[in-house]
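Hello,

Here is the model we talked about passing on. Please have a look, then read my notes below.

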Amino acid sequence: MINWITSLFQTQKTVTESDMKKFLIVGLGNIGAEYANTRHNIGFKILDHFAKKESIRFQTAKLGDVAEFKIKGRTLLLLKPNTYMNLSGKAVKYWMEKENIEKGNVLVITDDLNLSFGTIRIKTKGSDGGHNGLKSIQSLLNTTEYPRFRFGISDQFKKGQQVNYVLGEWDEEEKSKLTERLELSAQIIQSFALAGLNNTMNEFNGK
(Lines give C-alpha, C1' and ligand atoms only; values in the text may rest on other atoms or scores of the structure.)
Protein backbone atom coordinates (compact mmCIF):
# COMPACT_ATOMS: atom_id res chain seq x y z
CA MET A 1 0.00 0.00 0.00
CA ILE A 2 2.78 2.43 0.96
CA ASN A 3 4.70 1.56 -2.20
CA TRP A 4 1.59 2.25 -4.29
CA ILE A 5 1.10 5.68 -2.70
CA THR A 6 4.79 6.50 -3.16
CA SER A 7 4.57 5.49 -6.81
CA LEU A 8 1.49 7.67 -7.31
CA PHE A 9 3.23 10.77 -5.96
CA GLN A 10 6.31 10.07 -8.04
CA THR A 11 4.28 9.96 -11.26
CA GLN A 12 2.49 13.24 -10.56
CA LYS A 13 4.41 16.22 -11.89
CA THR A 14 4.63 19.36 -9.84
CA VAL A 15 5.43 22.76 -11.30
CA THR A 16 8.82 23.91 -10.07
CA GLU A 17 10.38 27.37 -10.15
CA SER A 18 12.45 26.32 -13.17
CA ASP A 19 9.28 25.16 -14.94
CA MET A 20 7.80 28.64 -14.50
CA LYS A 21 10.74 30.02 -16.48
CA LYS A 22 10.07 27.65 -19.36
CA PHE A 23 7.94 28.70 -22.33
CA LEU A 24 6.45 26.87 -25.31
CA ILE A 25 6.20 29.01 -28.44
CA VAL A 26 4.06 27.26 -31.06
CA GLY A 27 3.97 28.35 -34.68
CA LEU A 28 1.07 26.81 -36.59
CA GLY A 29 1.44 25.68 -40.17
CA ASN A 30 1.54 22.74 -42.57
CA ILE A 31 4.67 20.75 -43.35
CA GLY A 32 5.96 20.47 -46.90
CA ALA A 33 7.71 22.75 -49.38
CA GLU A 34 4.44 23.50 -51.16
CA TYR A 35 3.13 25.24 -48.02
CA ALA A 36 6.31 27.06 -46.97
CA ASN A 37 5.40 30.51 -48.32
CA THR A 38 1.65 30.40 -47.89
CA ARG A 39 -0.36 32.76 -45.71
CA HIS A 40 -1.57 29.85 -43.55
CA ASN A 41 2.05 29.10 -42.59
CA ILE A 42 2.84 32.44 -40.98
CA GLY A 43 3.36 30.65 -37.63
CA PHE A 44 6.18 28.57 -39.11
CA LYS A 45 7.60 31.60 -40.91
CA ILE A 46 7.77 33.66 -37.71
CA LEU A 47 9.58 30.88 -35.83
CA ASP A 48 11.98 30.35 -38.73
CA HIS A 49 12.77 34.08 -38.71
CA PHE A 50 13.32 34.03 -34.94
CA ALA A 51 15.61 30.98 -35.18
CA LYS A 52 17.67 32.55 -37.95
CA LYS A 53 17.96 35.84 -36.04
CA GLU A 54 19.16 34.06 -32.88
CA SER A 55 21.34 31.51 -34.73
CA ILE A 56 19.53 28.45 -33.40
CA ARG A 57 18.49 25.36 -35.34
CA PHE A 58 15.40 23.19 -35.39
CA GLN A 59 15.72 19.46 -34.81
CA THR A 60 13.09 16.94 -35.84
CA ALA A 61 11.55 15.41 -32.72
CA LYS A 62 8.29 13.74 -31.76
CA LEU A 63 5.29 15.42 -33.41
CA GLY A 64 7.28 18.40 -34.65
CA ASP A 65 10.46 20.34 -35.27
CA VAL A 66 11.84 21.83 -32.06
CA ALA A 67 14.47 24.45 -31.20
CA GLU A 68 15.60 25.75 -27.81
CA PHE A 69 16.55 29.33 -27.00
CA LYS A 70 17.78 30.60 -23.64
CA ILE A 71 17.70 34.23 -22.55
CA LYS A 72 18.09 35.83 -19.11
CA GLY A 73 17.27 32.67 -17.19
CA ARG A 74 14.31 31.76 -19.38
CA THR A 75 14.10 28.79 -21.73
CA LEU A 76 11.98 29.09 -24.86
CA LEU A 77 11.03 25.90 -26.66
CA LEU A 78 10.01 26.71 -30.25
CA LEU A 79 7.66 24.14 -31.80
CA LYS A 80 6.53 23.68 -35.40
CA PRO A 81 4.05 20.76 -35.30
CA ASN A 82 4.49 18.21 -38.10
CA THR A 83 0.96 16.86 -37.65
CA TYR A 84 -0.58 19.16 -40.27
CA MET A 85 -2.78 22.01 -39.11
CA ASN A 86 -5.89 20.01 -38.18
CA LEU A 87 -4.03 17.92 -35.59
CA SER A 88 -1.81 20.64 -34.08
CA GLY A 89 -3.27 20.03 -30.64
CA LYS A 90 -1.57 16.62 -30.42
CA ALA A 91 1.87 18.22 -30.64
CA VAL A 92 1.02 21.09 -28.29
CA LYS A 93 -0.39 18.78 -25.62
CA TYR A 94 2.55 16.35 -25.89
CA TRP A 95 5.24 19.03 -25.48
CA MET A 96 3.38 20.82 -22.69
CA GLU A 97 3.23 17.57 -20.74
CA LYS A 98 6.76 16.45 -21.61
CA GLU A 99 8.33 19.75 -20.53
CA ASN A 100 5.85 20.43 -17.71
CA ILE A 101 4.84 23.80 -19.17
CA GLU A 102 1.74 25.53 -17.84
CA LYS A 103 -0.82 26.83 -20.36
CA GLY A 104 -0.08 30.41 -19.30
CA ASN A 105 3.46 29.93 -20.59
CA VAL A 106 2.30 28.75 -24.01
CA LEU A 107 2.06 31.19 -26.92
CA VAL A 108 0.33 29.95 -30.09
CA ILE A 109 1.08 31.91 -33.26
CA THR A 110 -1.53 31.73 -36.00
CA ASP A 111 -2.88 33.48 -39.08
CA ASP A 112 -6.13 35.44 -38.85
CA LEU A 113 -8.42 36.25 -41.78
CA ASN A 114 -10.35 38.80 -39.72
CA LEU A 115 -7.36 41.14 -39.34
CA SER A 116 -5.82 43.26 -42.07
CA PHE A 117 -2.41 42.17 -43.32
CA GLY A 118 0.29 42.35 -40.65
CA THR A 119 -2.01 43.49 -37.85
CA ILE A 120 -1.05 42.04 -34.47
CA ARG A 121 -3.51 40.78 -31.86
CA ILE A 122 -2.19 39.11 -28.72
CA LYS A 123 -4.87 37.71 -26.41
CA THR A 124 -5.09 35.77 -23.17
CA LYS A 125 -7.89 33.52 -24.47
CA GLY A 126 -10.59 33.33 -27.11
CA SER A 127 -12.54 31.17 -29.51
CA ASP A 128 -10.98 29.22 -32.36
CA GLY A 129 -12.50 31.69 -34.85
CA GLY A 130 -13.01 28.85 -37.31
CA HIS A 131 -9.27 28.11 -37.42
CA ASN A 132 -8.66 24.35 -37.60
CA GLY A 133 -5.34 24.50 -35.75
CA LEU A 134 -6.90 26.36 -32.83
CA LYS A 135 -9.89 23.99 -32.89
CA SER A 136 -7.54 21.05 -32.41
CA ILE A 137 -5.65 22.75 -29.57
CA GLN A 138 -8.87 23.79 -27.84
CA SER A 139 -10.26 20.25 -28.13
CA LEU A 140 -7.18 18.48 -26.74
CA LEU A 141 -6.40 21.00 -23.99
CA ASN A 142 -10.11 21.25 -23.18
CA THR A 143 -9.86 25.00 -22.77
CA THR A 144 -9.88 28.27 -24.71
CA GLU A 145 -7.74 29.93 -22.05
CA TYR A 146 -4.23 29.96 -23.46
CA PRO A 147 -2.30 32.91 -24.92
CA ARG A 148 -2.37 33.35 -28.67
CA PHE A 149 -0.70 35.71 -31.11
CA ARG A 150 -2.84 36.33 -34.17
CA PHE A 151 -1.15 37.68 -37.31
CA GLY A 152 -3.50 39.30 -39.81
CA ILE A 153 -3.55 37.96 -43.36
CA SER A 154 -6.72 39.91 -44.38
CA ASP A 155 -9.74 38.53 -46.21
CA GLN A 156 -9.15 39.84 -49.73
CA PHE A 157 -10.65 36.88 -51.58
CA LYS A 158 -13.77 36.28 -53.61
CA LYS A 159 -16.68 34.21 -52.35
CA GLY A 160 -15.81 30.51 -52.24
CA GLN A 161 -12.07 31.17 -52.54
CA GLN A 162 -11.08 31.14 -48.85
CA VAL A 163 -9.12 27.86 -48.99
CA ASN A 164 -7.22 28.92 -52.09
CA TYR A 165 -6.49 32.27 -50.46
CA VAL A 166 -5.09 30.99 -47.15
CA LEU A 167 -3.10 28.28 -48.93
CA GLY A 168 -1.92 30.80 -51.52
CA GLU A 169 1.41 32.62 -51.43
CA TRP A 170 1.93 36.22 -50.38
CA ASP A 171 1.50 38.81 -53.12
CA GLU A 172 4.30 41.23 -53.98
CA GLU A 173 2.98 44.05 -51.80
CA GLU A 174 2.68 41.73 -48.80
CA LYS A 175 6.17 40.35 -49.39
CA SER A 176 7.63 43.87 -49.33
CA LYS A 177 6.15 44.48 -45.89
CA LEU A 178 6.70 41.03 -44.42
CA THR A 179 10.30 41.42 -43.22
CA GLU A 180 9.43 44.30 -40.88
CA ARG A 181 6.45 42.35 -39.54
CA LEU A 182 8.60 39.27 -38.93
CA GLU A 183 11.10 41.36 -36.99
CA LEU A 184 8.29 42.77 -34.85
CA SER A 185 7.00 39.25 -34.28
CA ALA A 186 10.43 38.14 -33.02
CA GLN A 187 10.33 41.00 -30.50
CA ILE A 188 6.90 39.82 -29.34
CA ILE A 189 8.20 36.31 -28.64
CA GLN A 190 11.03 37.64 -26.46
CA SER A 191 8.71 40.08 -24.70
CA PHE A 192 6.26 37.30 -23.86
CA ALA A 193 8.99 35.41 -22.00
CA LEU A 194 10.75 38.39 -20.42
CA ALA A 195 8.02 40.98 -19.76
CA GLY A 196 4.95 38.77 -19.49
CA LEU A 197 1.72 38.51 -21.44
CA ASN A 198 -0.02 41.67 -20.20
CA ASN A 199 2.96 43.93 -20.82
CA THR A 200 3.41 42.37 -24.25
CA MET A 201 -0.23 43.00 -25.15
CA ASN A 202 0.03 46.61 -24.00
CA GLU A 203 3.17 47.25 -26.03
CA PHE A 204 2.45 45.42 -29.27
CA ASN A 205 -1.31 45.12 -29.85
CA GLY A 206 -2.33 47.34 -32.74
CA LYS A 207 1.19 47.86 -34.04
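Helices (H or I, at least four residues) and strands (E, at least two) are DSSP runs, numbered from the N terminus. By that count the protein has 8 helices and 7 strands.

Two notes on the source. This is a predicted model, where local features need pLDDT of at least 70, side-chain atom pairs count only at pLDDT 80 or more, and totals for chains, interfaces and linings use all residues. Residues are numbered from 1 along each chain as its sequence is written, and side-chain values use heavy atoms, with hydrogens and water left out.

Overall shape: the C-alpha trace spans about 65 × 35 × 30 Å along its principal axes. Of the 207 residues, 48% count as buried, meaning under 20% relative accessible area with a 1.4 Å probe, protein chains only.

Now the interior. A nonpolar core here is a set of buried Ala, Val, Leu, Ile, Met, Phe, Trp, Tyr and Cys residues joined through side-chain atoms within 4.5 Å. The largest has 37 residues, and I25, L76, L78, F149 and F151 have the most contacts inside it. Helix α7 (residues 172–194) gives this core its largest share, 8 residues. Another core lies apart from it, with 18 residues, including W95 and Y146.

Best wishes

Notes:
Buried < 20%, exposed > 50% of the residue type's maximum accessible area, 1.4 Å probe, protein only.
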